[in-house]
Amino acid sequence: MAVTNNLSMVCGYGGTGKSSIIHMITRMCDSMDRIVYVAALAGKAKERVKQIINRETFTIHRLITELKKSKSILVNKRSNPIVVIDEATMVDICLMHNLIRAFTGLPFSLLLVGDSAQLPPIGFGVFWHQLVLSKKLPKINLTDVKRQSEKSAIHLTAMNVRANKTHEIPEWSGQSTGIYYLNNDNLIKDIIKITTTFNGCITLTPFKSSKYKYSTTNINHQLQHTLNLTEESISIGAIKIKTNDPVLVNCNNYYLNLFNGMTGKVTEIGFDNNLQEQYCLVQFDGMEVQTKLTKSECYDVMLSLAYAITVHKSQGSEYDVCIIIIEGDMIERSMLYTAVTRAKKLCIIMSSLNNFNLAITRPPRVEKIQHGFSLNYKISQ
């Protein structure tokens, strides 16, 4: 499908092996001497698929930059390549337009890969969610989940959320696998308890701004204050980074090989006498060697704490244990589905069972977005 159509789609639930399919397509095209370029919106997503397919990948912005060069070492736009966009649901219509325009007058094939039940773009416009509705467009739907067993509670809950089916989940009482709700007055106390009990636990929330009680800003501050008593720190604006803190990269830096969404753990903080500047050593997930970041470089990549991250930042990632904050009416079906499908072993919903089911019934944000994307087009083979 990918090599015989100018435009095609691979749709699939979370954990159905979409990245593995990309890997097989690249291997098949190698045997056919057909060039494939794989890209994603977020830097972490492009690094994750890079590890799976074992070849260079791009952010979409970087791919467009290379395509616009008169001579690029990395990209040959005159080779009639196949361009694969992973996590395509996150891409807004303006960025996709810029990518297509970079090929003006030149042949290429486009394969869009994603999960229509996940979050829509933050930027304006939608196109993935409209293309999925087309009966003319060649596409494959993957439904066999490999991330968890089909009988796992997390998988069954995710499918119920996706299908807009309200249902009951049990209350958490210390279990290490499955999905549960926990509704107490002091969420921070519960988050601290769970975080200290399970290694690799992360809290997902819809909020970043400190004006929200359970935002990443506030949760990170309170968890660091309670869990990390180390005195030595490096200040990044209003944030203090300490040894053993989990951290998050918020800006791409190709020189440092760090990309938006990458997470890691600080192993050391020191002072570089040669540079006359503080530094921190970070062991980033998926990287064999530690990365040394000066204070200036911490600013460049907008390093932040990662005891808690937003659901948007988590898209495309997997975690053994996830705590999901449901507060107010901001979490709707697609955000809840995205958050639940990040968990591999244990998922704890911080809310009442009633609020959990209300989130399921809220229409996905993509249904409320006004757009002018039309399905009245012709597919050229």
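Tyr-212 is partly exposed, at 33% relative accessible area. The model is predicted.

**Aromatic pairs**

A pair of aromatic rings is described by two values, the distance of the centres and the angle of the planes. The count of such pairs comes to four. Among them is Tyr-37 with Phe-58: the ring centres are 6.1 Å apart and the planes stand at 85°. Planes over 60 degrees apart count as edge-to-face, so this pair is edge-to-face. Tyr-37 belongs to strand β2 (residues 36–40), and Phe-58 belongs to strand β3 (residues 58–59).

Tyr-212 pairs with Phe-207. Here the centres are 4.3 Å apart and the planes lie at 20°. Planes under 30 degrees apart count as stacked, so the pair of Phe-207 and Tyr-212 is stacked. Phe-207 has 5% relative accessibility and counts as buried, because the limit for buried is under 20%. Tyr-212, at 33%, is partly exposed, because 33% falls between the 20% and 50% limits.

**Residues in their surroundings**

Thr-205 sits in strand β8. Its relative accessible area is 0%, so Thr-205 is buried. What does Thr-205 contact beyond its neighbours within four places in sequence? Its partners there are Tyr-214, Ser-215 and Thr-216, together with Ile-309, Thr-310, Val-311 and Ile-325.

Asn-199 lies in the loop that runs between α7 (187–197) and β8 (201–205). Is Asn-199 buried or exposed? With a relative accessible area of 74%, Asn-199 is exposed. From Asn-199 to Thr-243 the C-alpha distance is 16 Å, and 44 residues separate the two in sequence.

His-23 is part of helix α1 (residues 18–31). This histidine is partly exposed, with a relative accessible area of 22%. Setting aside residues up to four places away in sequence, His-23 touches Ile-52 and Ile-53. Leu-156 is 133 residues from His-23 along the chain, and their C-alpha atoms are 27 Å apart.

The accessibility values are set out together below.

| Residue | Relative accessible area | Class |
|---|---|---|
| Asn-199 | 74% | exposed |
| Tyr-212 | 33% | partly exposed |
| His-23 | 22% | partly exposed |
| Phe-207 | 5% | buried |
| Thr-205 | 0% | buried |

**The chain as a whole**

The protein chain contains twelve helices and 18 strands. Its radius of gyration is 21 Å. A compact globule of 381 residues would come near 21 Å, so the value agrees with that expectation. Along the principal axes, the C-alpha atoms fill a box of roughly 60 × 60 × 35 Å.

How many of the 381 residues count as buried? The share is 55%. The accessible surface comes to about 17900 Å². Carbon and sulfur atoms hold 50% of that surface.

Consider the contacts between residues at least 6 apart in sequence: 69% of them join residues at least 24 apart. The chain carries 42 positive and 31 negative charges.

Key: Residues numbered from 1 in each chain as written. Predicted model: local features only at pLDDT ≥ 70, side-chain atom pairs only at ≥ 80, totals over all residues. Heavy atoms only, no water. Helix = DSSP H or I, 4+ residues; strand = E, 2+ residues; numbered from the N terminus. Rg over C-alpha atoms; globule rule 2.2 N^0.38 Å. Buried < 20%, exposed > 50% of the residue type's maximum accessible area, 1.4 Å probe, protein only. Contact = heavy atoms within 4.5 Å. Areas by Shrake-Rupley, 256 points an atom, 1.4 Å probe, with all protein chains shown as cover. Lys, Arg positive; Asp, Glu negative; His and termini not counted. Charge placed at Lys NZ, Arg CZ, Asp CG, Glu CD. Phe/Tyr/Trp six-rings, centres within 6.5 Å; stacked < 30°, edge-to-face > 60°.
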